[in-house]
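Please look through the sequence and the structure before reading on. The notes below are meant to be read with both open.

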2 protein chains.
Amino acid sequence: MATERQLSRRSLLGAAGAGAVGLTAATAGTAAAVTRTADVCVVGAGLAGLTAARDLVAAGRTVVVLEARDRVGGRVLNLPLAGGGVTEAGGEFIGPTQDRIKALADSLGVATFATYDTGKNLLYKDGRKTPYATDGLLGSVPPIDAAGLANAAIVQATLDDLAKQIPVDAPWTAAKADEWDRQTFETWLRANAVIPSAKFLFDVACTSIFSAEPRELSFLFVLFYIAAAGNASNPGTLERLTETAGGAQELRFVGGSQRVPIKLAATLGDRVVLNSPVRSITKSGSQYVVTADGTTVTARRVVVAVPPPIAARITYDPVLPAARDQLTQRLPMASVGKAIAIYDTPFWRADGLNGQVVSDSGVVSSTFDNSPPDASYGALMGFIEADEARAFDAASEAEVRAAVLKDYATYFGEKAASPSAFVLQRWNNEPYTRGGPVSIAAPGVLTQYGPALRRPVGGIHWAGTETSTYWMGYMDGAVRSGERVAKEVLDVL
Amino acid sequence: MATERQLSRRSLLGAAGAGAVGLTAATAGTAAAVTRTADVCVVGAGLAGLTAARDLVAAGRTVVVLEARDRVGGRVLNLPLAGGGVTEAGGEFIGPTQDRIKALADSLGVATFATYDTGKNLLYKDGRKTPYATDGLLGSVPPIDAAGLANAAIVQATLDDLAKQIPVDAPWTAAKADEWDRQTFETWLRANAVIPSAKFLFDVACTSIFSAEPRELSFLFVLFYIAAAGNASNPGTLERLTETAGGAQELRFVGGSQRVPIKLAATLGDRVVLNSPVRSITKSGSQYVVTADGTTVTARRVVVAVPPPIAARITYDPVLPAARDQLTQRLPMASVGKAIAIYDTPFWRADGLNGQVVSDSGVVSSTFDNSPPDASYGALMGFIEADEARAFDAASEAEVRAAVLKDYATYFGEKAASPSAFVLQRWNNEPYTRGGPVSIAAPGVLTQYGPALRRPVGGIHWAGTETSTYWMGYMDGAVRSGERVAKEVLDVL
């Protein structure tokens with residue numbers, strides 16, 4: 001069996017025998033093409049695809065997972081640091097009610113630790129820094145004017161109340177779905193977050209949660225996302241999306257979040273084929289022929305577990321129903337980057353700061369202390385989101401680095417300007433994701449196209465965090481979608 | 001040279017010699033693959049691509065046009081009628097200020113005739129039919145209550161006034177672009193078209209113009225589209241979009257609109273290669289290799305002249321900049337179908353009706369008299385738009401026919417229930433368009449991504465009606481974009 005390191009960075013093909021799936025030299029096409037057969041072909045070796053494969057294999061089905069990249073994990077990615085260790089360039093946090101990613105990690109022996117959350121948050125607004133405690137009545141409430149706080153509390157309560165009216169498996173059936181899907185979140189906020197400081201808080205919350213501006217989002221989609229931030233026994237709340245302790249940023253994985261998909265892929269052995277971007281899915285009698293660069297898989301069922309706009313780029317024959325095709329034209333990826341600066345120590349801790357910033361300016365307006373559990377070095381992680389991400393997509397890495405470190409120095413002092421290492425990941429520029437962390441829906445999309453999100457098309461089934469009910473957009477949603485799609489396939493196979 | 005008929009329905013390859021472009025048997029790949037070389041490879045043989053090719057050839061450049069379908073014309077399509085003649089299943093109308101499509105048609109000897117517009121329009125609302133004259137102060141003003149009319153007049157004037165503030169070549173630079181791009185057209189209409197009957201008129205206008213509901217559109221995009229309904233000496237107006245006489249539906253082409261691209265393609269001879277869906281565009285030194293099913297073209301420049309969401313499905317190597325890629329994730333095709341019923345005579349004319357309906361219900365809420373100029377038979381054409389198009393995408397043709405003819409009978413009497421022929425074209429189901437008539441922009445798209453619409457990426461240039469300034473979304477915009485992109489390429493080649 002391949003080591004974790006191998007699984008993260010090179011093809012598994014040839015590493016071991018063909019195992020339970022057929023493996024023959026191709027008789028046509030390019031010289032290197034390989035043909036395999038399986039009960040199910042899974043497209044995409046992110047958490048969704050790998051989870052689906054795990055469950056299908058456990059039920060005795062043969063599976064081949066085709067992955068475009070030279071690594072598994074999709075939007076979950078450890079990048080190596082020059083001095084050893086890794087930093088997380090993709091999804092990294094988990095929190096309460098994210099039961100399925102937690103169960104998966106437990107089963108693979110990947111432990112969690114608390115995101116560093118000791119000390120004060122920092123508000124940077126109108127050119128002034130104000131530290132503030134995180135244990136307020138509403139969780140972390142930045143020190144804004146009383147009118148703004150009162151307004152924000154009402155808006156937050158209203159959002160949570162409205163979200164309770166959303167069935168997470170069919171938000172388009174909510175009694176007021178049509179009304180909510182006619183307006184942007186921006187329009188709703190302007191009518192409700194009428195105090196500027198309150199509007200500021202929700203703008204920051206919006207970009208932090210979605211990596212999208214409030215104008216890009218349907219209000220119905222925002223309410224659905226809040227409703228989805230829970231599980232069957234705990235209704236979703238906005239606070240669970242935004243908070244560190246008690247929220248979606250509460251825990252991290254020891255060794256980096258990508259250890260979960262890497263270890264999961266290791267259990268699948270050579271069923272996972274890297275470097276194989278899928279170009280077409282063609283029905284042939286009762287089978288599907290899935291053609292990737294270098295590999296062709298014939299299977300009875302196909303699970304497509306890649307982001308919707310990426311799934312749109314596969315050639316389907318016969319063509320997909322309009323509802324599915326037009327859905328994928330309407331679920332663009334949001335815009336996100338992560339910038340991680342490495343220091344000898346997490347020096348901000350000595351200043352009583354937890355490394356978490358909320359800012360009204362800069363390329364980075366939201367940061368976290370991303371140091372390892374033993375704090376053997378310090379790491380500041382900043383999100384580059386929405387308009388800021390787009391503004392810096394075409395900038396050189398040196399330009400982004402300079403802009404980010406200027407922000408870090410503003411927030412944490414001059415020491416922050418001179419890290420020992422700097423890691424930048426711009427998901428908008430990634431070929432097989434082209435944005436992140438998640439697809440977003442503008443007004444009119446969920447009500448008209450929502451039912452096509454999970455509806456299978458013949459023998460083609462859909463997975464990926466975008467197809468999840470709870471925790472859509474998170475690692476937990478990806479795992480849930482993989483479990484759901486495996487059940488769906490097993491019901492008919 | 002191939003006949004028009006051949007050009008409309010079968011490959012040109014082999015019809016004549018290779019002419020000015022290289023033509024050699026491919027040495028690798030599938031048996032039928034052909035390799036060609038040219039100065040410019042144009043992707044898409046719609047009006048935009050063909051116009052670009054015409055201008056490039058006229059300037060002495062070698063060109064190959066790769067077309068996915070077995071016909072030219074893209075969203076412009078004549079379908080044959082059983083009894084002879086054709087009916088138009090795609091774009092068909094032209095009108096004042098659409099100078100470039102007019103000049104192109106003139107140059108090819110394709111004449112125009114007036115869309116039938118004699119007699120009264122019909123309003124169908126709240127279950128009642130009301131004929132009304134089309135020569136009112138504001139053009140065709142349906143007979144609604146006085147308060148609604150007054151409100152509608154103010155809203156219309158406001159839209160025209162605001163549109164005057166939009167530079168058609170860069171709507172995102174308008175002083176209030178940011179404000180207008182934060183809300184849906186629905187949100188703006190609710191605040192301004194406050195009388196229900198006025199709101200109804202703009203809802204119908206919206207679906208008629210865009211084949212999209214007001215909730216799907218950025219208000220900035222709507223203002224841009226109005227501004228674009230003109231030319232350099234005549235600012236765009238809403239009325240020019242909605243009207244028949246004096247507006248964008250004023251004229252039709254003798255023999256059907258597809259005669260224009262068919263005749264244009266005929267002048268290009270075997271430079272146009274049908275049945276060749278382009279799968280990848282790969283930079284190789286100073287050249288680009290454009291790989292289609294069956295044909296590979298090596299060229300110094302590439303013009304991509306297909307709708308943005310279709311352009312997104314080509315594999316680019318190197319990958320496109322994020323701004324361009326995320327733009328194409330955010331310009332979905334609207335949703336449209338056309339249903340044409342053929343009768344022995346245009347019998348509604350004898351009832352004093354011009355065949356144009358505005359309706360608040362039915363699968364078809366907007367119709368035209370699509371009879372040929374000699375009225376040798378009668379044709380009622382109805383648009384199936386937006387929510388209605390989506391509702392009927394998956395229905396059988398018989399189901400759609402039944403629903404459409406029920407509407408036609410409601411509007412024009414029982415005779416309309418029994419046509420001699422019925423033609424249905426659902427663009428949402430078309431593999432190489434997947435919607436229509438045009439890409440639409442939700443809030444936040446133009447302000448963040450607009451500049452990427454026409455910006456070349458290395459040697460790859462962008463055309464298609466979506467890249468036009470004036471008459472974006474129309475045949476005229478397609479021709480303008482072809483002329484613009486040819487100049488752009490000639491400037492550097």
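1. Ground rules. This is a predicted model, in which local features need pLDDT of at least 70, side-chain atom pairs count only at pLDDT 80 or more, and totals for chains, interfaces and linings use all residues. Residues are numbered from 1 along each chain as its sequence is written, chains are lettered from A and ligands numbered from 1 in the order in which they are written, and side-chain values use heavy atoms, with hydrogens and water left out.

2. The two copies. Chain B is superposed on chain A by a rotation of 180° with 0.0 Å of shift along its axis, and the RMSD is 0.0 Å. The superposition is by least squares on the C-alpha atoms of residues with pLDDT of at least 70 in both copies. The two copies are therefore related as by a two-fold rotation axis. In chain B the C-alpha nearest this axis belongs to R313(B), at 2.2 Å. The same surface serves both copies, as 100% of the contact residues of chain B recur in chain A. Contact here means heavy atoms within 4.5 Å.

3. Strand β16 of chain A. Helices (H or I, at least four residues) and strands (E, at least two) are DSSP runs, numbered from the N terminus. Buried means under 20% relative accessible area, exposed means over 50%, and partly exposed lies in between (1.4 Å probe, protein chains only). Strand β7 of chain A (residues 120-125) runs parallel to β16(A), and 4 bridges join them. Two strands pair if DSSP finds at least two bridges between them. Within this pair, K120(A) stands opposite L353(A).

4. Q356(B) is found in strand β16 of chain B, residues 353-359. Its relative accessible area is 7%, so Q356(B) counts as buried.

5. Two packed helices. In chain A, helix α2 (residues 47-58) and helix α10 (residues 259-268) pack at an angle of about 35°, and their axes are 10 Å apart. Axes are lines fitted to C-alpha atoms, for helices over the stretch in contact, and angles run from 0 to 180 degrees between N-to-C directions. From α2(A) the contact residues are L47(A), L50(A), T51(A), A53(A), R54(A) and V57(A), and from α10(A) they are V260(A), P261(A), L264(A), A265(A) and L268(A). By class, 9 of these residues are nonpolar, 1 is polar and 1 is charged. Ala, Val, Leu, Ile, Met, Phe, Trp, Tyr, Cys and Pro count as nonpolar, Asp, Glu, Lys and Arg as charged, and the others, Gly among them, as polar.

6. Helix α6 of chain A. In this helix (residues 185-192), F185(A), E186(A), T187(A), W188(A) and L189(A) are buried. What do the buried residues of α6(A) pack against? Their partners are α4 (146-163), α7 (196-210) and α8 (219-227) of chain A, together with α6 (185-192) of chain B.

7. Two partly exposed residues. V141(A) is in the loop between β8 (128-132) and α4 of chain A, and at 24% relative accessibility V141(A) counts as partly exposed. Leaving out residues up to four places away in sequence, V141(A) touches Y132(A) and L149(A). T112(B) is in strand β6 of chain B (residues 112-114) and is partly exposed at 27%. The C-alpha atoms of T112(B) and G256(B) are 9.4 Å apart, although 144 residues separate them along the chain.

8. Backbone points to check. Most residues other than glycine have a negative phi, and most peptide bonds are trans. The bond from D317(B) to P318(B) is cis, with omega near 5°, and the bond joining G436(B) and P437(B) is also cis, with omega about 0°. A375(A) is not a glycine but has a positive phi of about 50°. W471(B), also not a glycine, has a positive phi of about 55° and is buried at 1% relative accessible area.
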